[in-house]
2 protein chains.
Amino acid sequence: MKFLSTAQPHFAAQFNALLARSADEPQVGAQVREIIAQVRERGDAAVLDYTNRFDRVAMTAADLRITADEISVATAEIPHALRDALALAAARIERFHRAQLPQDIKFTDETGATLGMRWGALDAVGIYVPGGKASYPSSVLMNAIPAKVAGVGRIACCVPAPDGVLNPLVLAAAKMAGVSEIYRIGGAQAVAAMAYGTEQIAKVDRITGPGNAYVAEAKRQVFGQVGIDSIAGPSEVLILADDSANPAHLALDLLAQAEHDEEAQALLITTSGALAASVLDAVKTALETLPRAAIAGESIRRHGAVILVHDWDEAVVLANRIAPEHLQLMLAEPERMFAKIRHAGAVFMGQDCPEAIGDYVAGPNHVLPTSGTARFSSGLSVYDFMKRTTWVKLAAGTLEAIGPAAVALAAAENLGAHAASVAVRLGKT
Amino acid sequence: MKFLSTAQPHFAAQFNALLARSADEPQVGAQVREIIAQVRERGDAAVLDYTNRFDRVAMTAADLRITADEISVATAEIPHALRDALALAAARIERFHRAQLPQDIKFTDETGATLGMRWGALDAVGIYVPGGKASYPSSVLMNAIPAKVAGVGRIACCVPAPDGVLNPLVLAAAKMAGVSEIYRIGGAQAVAAMAYGTEQIAKVDRITGPGNAYVAEAKRQVFGQVGIDSIAGPSEVLILADDSANPAHLALDLLAQAEHDEEAQALLITTSGALAASVLDAVKTALETLPRAAIAGESIRRHGAVILVHDWDEAVVLANRIAPEHLQLMLAEPERMFAKIRHAGAVFMGQDCPEAIGDYVAGPNHVLPTSGTARFSSGLSVYDFMKRTTWVKLAAGTLEAIGPAAVALAAAENLGAHAASVAVRLGKT
C-alpha cells in the first residue's frame, strides 16, 4: 500500500497517478458491435449461439427463460437465516427508495397559464446481473426494488449461468424484489436482446446493472435505443479518519473495497501520522487471514494509498478531486466534514458505519457513480425508472399576454410557421 | 402529406414505416474518434485546425473566447421589442424550473439509523449551441437557465461561427441566462474540448444541447468522461384533434414542426374524416405562402401523415406507440385524454395552445426526448444539472439491529472483508 504525504515534493504528480487508474480499458467496441448486429438480425438464435460459446453450455430456446419452478426450488434451498437477511435488506431498500418518490408540479400563473410536470414510471426495464464470481443477490435487490417502487410494470432480468451454474440467492432476490421474468443469458448478447427484443425477450425501455467491459460497451452502444444507467468502472472507497478511528477497523474497511477486484481502489486520508502507520500495519496483518487476500492484496498494492495531509482543508480539496463512489467519514464530527464535501456517491458517517452496511442493509442504493463520475452523476434511484411529461394549458386571454413575445422570437429565428401558428390565434394573420 | 386510416387493411405496416424514420444516420463514428483524439493530444491547436477547416475561418488562439465587449455590442444591437421578448421568455423559463428544485431527504428509522439524500449542483457544465441556420437564442435560454437555477457555478457555452457569422441574439440570450464564458467553436471538436479540457477551455462535468450528427456522436463517445443529455434526433409533433379544432390552425401547427428540417415529423390523428380532409387541404394552402416552404414541404411529404381512427381508444394506443416529443391535444376535453397518455415529452392542451408557445415562452423546457425516447427519458430540467449524495449515520445500537444481516449476506457473497468489517464492530471477530 502506497504512503503519500502532501508534504512530499512530488505529491501532486503522485496523486494524479493514483487517480489515473482506469486508462487501460480493453478495446471491445468492434466485437460488441458485431454481437449486437447479430442479435438484431437473428434474435434468439444469435443469443443462444453466443451464450453457448461464452458460457460453455448447450442451451436451446426452451432454456432461455428460467421457469417459476426453478425459482421456487432455488428459493426453498436457501437457509432461513439468509432468507431473513435478504428480506430485511429488501424492506430497508424499499423504504428508502419510497422516500425518493417525487411530487408532480402544477401551478397557475398571473397570465392564466396552468403549467405542470407529471412523473410516470417506465413500462419495462431490464436488469443486468453479472454471473459467476460476481453474481450478487444484493445487486439484484438494489436494481429491481427502485424499479418496483417507481411503478414499472415489467422488470426483466438477465443473469448468465457460466458452465450452467446459477446462484440460487440471485433467483430468490429477484423473486423477492418483484422481477417479472429472468433469462439465463449475459454479456453483450443479453444487453442487445433487452434493447432490441427477440422472439422470446420483449424489448425494454431502460437497462441498468453492472457488468464487465463487454456489458459496459454494449450499454454504451445501445444508448439512445434504450436508456442506460452510468457506465460502472472499478469500485472505490475513500476514508477520512482522525485519531478517534480504530486502525484495525479501517484496515478491514479498506480491504472490503479491495477484495472486489484488482482494479478496485481503497484510499485513506488522515492528518495523523500515527494512524497512517497503524493502518498500513493493520492492512498487512489482515491480509494474512483474509479469504480473498490475493485479489485484495493486488488491489491494495496497485491502487491503494494512505495519504497524510497537513490539515482537514487539504483533505477536503483532495476528497472533492477524487469524487469517491464511497466516502467513509470516520471522524469525531462527521457532519462538519460532510458539509464541505461536494462530490461523493454515498457517505457513511461515524466509526460504527462501515461501507459494507450500505452495500447490503442501510437502505440507500449501492449502485453508485465510480471513477470520479460522482462529479456529475448519482446513485441508482427511483428517478432512473421514471420519466417526466411537462404540460401547458392556457386560459382565455393568456395568449394575448405571452403570444406576441413568441411571435417576435419565432420571427427572429426565421421560423415563419412557428410565428404564424401563434399569430393566427391572436387574429393577427 | 400521407393519409392513413386504421380501417385500411395494411395500416399496421404503414404505421410502422412512418415511425421508422431515423434509420439512415450517417456513419461518423471514426471521424469523431479521430477529432476527439486530436483534441485530447493537441488541445487548442487541434480545436483551431478543425474550426478553421469546417467553419471556413482563420481563427487564432486569441479568437477562441468571445469577449465581453463583443457580447455587449451584440446585445446593444438588438431591437428593444426583441430584447423584451427574450426577457419575458427567460423569466418564465426560470420560474418553471425553480418549481422543479428538489428537496433533500432525511429520516431516522426505528433502529436509530438516520438516512438521507442531499442534492447538489454540478461545478461546471458546457452548453452546445448549433451555428448557422439553426442557431437559436431560445435554445440557449432553455439549456442555460436550468443550469443557473440548479446552482451551477460555471456555465460554458460553445457556438460555432461558420464563415465568421454569429447570431447576436444568441450572445444576448447567453448573457441573459447567466452563461460564464462563450467559445466560438462547434462540432465534435467543441464537445471534445469541453469534455477533456484544453489550454483555454477548462473541462466541464456535463454537456447538453442539440447538434448535428457529429455533435451527437461526439457526445455519445465522451459519455462516461462527462455526463450528457439525451442524443437528440429529428423533432416531431403529434396532434390529436376533434371537430372543435380549426383546420387552418392545425395546418400551421403541423408546418411549424415540419419547417425545422426535412427529417422532422408532423402527425395528426383524428376521428373526423371531415377534419382530416380539411387539414390536408389547409396544409397545401399554407405551404404556398410559407417562407420555409421548401423544407417544410419536404418534411410533410416524406414523414407527415394524417391518421384517421375509429375512436379515441385507438388514438391513445397509437399516441403511446409514437411516444411523441410534442403532443398537442386540440380536443374539447384535453385533460381526459392526457390522463391516458403514458409517453410524451411535452403536452399542449386546448385549441389556443400551439406547440410554438412551448418553444419560446410557456416556461417548461423545449429540449425534449425525440424519436420515441419519451418512453424512457424526459425533457431537460434542473435535475440534469444536479446530482445526489446519499448518506447514512447509525446510532449506538443500530449496528446490532441490522449488522448481522449484512454479515450473513456478505458471507453468502464470499466477500470476507465486507463481513469482517461489520463483524469486528459487533465484537464478533
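A residue is called buried here when its relative accessible area is under 20%, exposed when this area is over 50%, and partly exposed in between, with a 1.4 Å probe and protein chains only. Helices (H or I, at least four residues) and strands (E, at least two) are DSSP runs, numbered from the N terminus. The structure is a predicted model, in which local features need pLDDT of at least 70 and side-chain atom pairs count only at pLDDT 80 or more, while totals for chains, interfaces and linings use all residues. Residues are numbered from 1 along each chain as its sequence is written, chains are lettered from A and ligands numbered from 1 in the order in which they are written, and side-chain values use heavy atoms, leaving out hydrogens and water.

Helix H8 (residues 187-196) of chain B is largely enclosed by the rest of the structure, because 9 of its 10 residues are buried. The buried residues of H8(B) are Gly187(B), Ala188(B), Gln189(B), Ala190(B), Val191(B), Ala192(B), Ala193(B), Met194(B) and Ala195(B). Their cover includes helix H2 (29-42), helix H3 (44-54) and helix H9 (213-222) of chain B, together with strand E4 (124-128), strand E5 (154-158) and strand E7 (206-208) of chain B. After H8(B) comes Gly197(B), with a positive phi near 85°.

The axes of helix H5 (residues 80-100) and helix H6 (residues 137-150) of chain B come within 9 Å and cross at roughly 40°; axes are lines fitted to C-alpha atoms, for helices over the stretch in contact, and angles run from 0 to 180 degrees between N-to-C directions. Contact means heavy atoms within 4.5 Å. On the H5(B) side, the residues that meet H6(B) are Leu86(B), Ala89(B), Ala90(B), Ile93(B), Glu94(B), His97(B) and Arg98(B); their counterparts in H6(B) are Pro137(B), Leu141(B), Met142(B), Ile145(B), Pro146(B), Lys148(B) and Val149(B). By class, this contact has 10 nonpolar, 1 polar and 3 charged residues, where Ala, Val, Leu, Ile, Met, Phe, Trp, Tyr, Cys and Pro count as nonpolar, Asp, Glu, Lys and Arg as charged, and the others, Gly among them, as polar.

Turning to chain A, strands are said to pair if DSSP finds at least two bridges between them. An open sheet of 5 strands has the order E6-E5-E4-E7-E8 in chain A, with parallel pairing. At its edges lie strand E6 (181-183) and strand E8 (227-228) of chain A, each pairing on one side only. Within chain A, strand E4 (residues 124-128) and strand E5 (residues 154-158) run parallel and are joined by 5 bridges, with Ile127(A) opposite Cys157(A).

Strand E3 (residues 114-121) of chain A is largely enclosed by the rest of the structure, since 7 of its 8 residues are buried. E3(A) pairs antiparallel with strand E2 (residues 105-108) of chain A over 4 bridges, and Phe107(A) has Leu115(A) as its bridge partner. The hairpin of E2(A) and E3(A) has 5 residues between the strands, and Gly112(A) there takes a positive phi near 95°. E3(A) also pairs antiparallel with strand E14 (residues 386-393) of chain A, over 8 bridges; Gly116(A) is partnered by Trp391(A).

Two loop residues complete the picture. Most residues other than glycine have a negative phi. Ala323(A), not a glycine, has a positive phi of about 45° and sits in the loop between helix H13 (312-322) and strand E12 (326-330) of chain A. Ala323(A) counts as buried, at 0% relative accessibility. Asn414(A), also other than glycine, has a positive phi near 60° and belongs to the loop between helix H16 (398-412) and helix H17 (416-423) of chain A. Asn414(A) is exposed, with a relative accessible area of 55%.
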